[in-house]
Amino acid sequence: MRTIYVIGTVSCMMPQKEMELKLLLQVVDPDQIFVQIDPEDMRLGNTQYSAKEMLFVYNWGMQKQKKVLCFDKRMDVSSAFLDDKKRNEIKTEMAHLFAGTNWKEFNKFNSEIYKKFDRLKCLLADENKERERHYAMIANIEKDLISKGKVLILVNIGHLPYFETNIKEALFPLRR
């Protein structure tokens, strides 16, 4: 039997929430971990594009001798319809959302904070480019997914709705 857990992260959560994330990892105790890092970036040691929490979980998994894999497809999904000024305004508004909120709140799809974030994210991204990226991410996961055991997928919160729709068997433990 296989159990898949999907957890959304926020890039600005580390190092303040390191112990919280470590405790969550210990509770889930996965056999396999997927982190949202481009596999080619990791292979080349080009991790400056990777979020700190993804690198933390990658290193934690390696130390615990878990099967740790990277699945992201790094690509520019920015909307061509936004000028730099508007793009920066939206990013500033997002930063304000993150500043006063616990990262776990963003895992709750029906929370007001997530709805605000999702609205802003949709303004920034080109829907077709994002769809292409999502297909690649899911394909990277599916090719190495174990058939038995506990699997943890760590993904940026912006991708949670896609993962919920496309990995039907997955559990989202922080949704409550």
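Ser79 lies in the loop that joins strand 3 (67–70) to helix 4 (84–99), where helices (H or I, at least four residues) and strands (E, at least two) are DSSP runs numbered from the N terminus. The model is a predicted one, in which local features need pLDDT of at least 70 and side-chain atom pairs count only at pLDDT 80 or more, while totals for chains, interfaces and linings use all residues. Residues are numbered from 1 along each chain as its sequence is written, and side-chain values use heavy atoms, with hydrogens and water left out.

With a relative accessible area of 8%, Ser79 is buried; buried means under 20% relative accessible area, exposed over 50%, and partly exposed in between (1.4 Å probe, protein chains only). Apart from neighbours within four places in sequence, Ser79 is in contact (heavy atoms within 4.5 Å) with Arg87, Leu123, Leu124, Ala125 and Asp126.

The chain holds 7 helices and 4 strands, in the order β-α-β-α-α-β-α-α-α-β-α from the N terminus. Its radius of gyration, 16 Å, is close to the 16 Å given by the globule rule for 176 residues, so the chain is as compact as a globular protein of that length. The radius is taken over C-alpha atoms, and the rule is 2.2 Å times the number of residues to the power 0.38. The C-alpha trace spans about 45 × 30 × 30 Å along its principal axes.

Of the 176 residues, 47% count as buried. Among contacts in the chain with a separation of 6 or more, 82% are between residues 24 or more positions apart.
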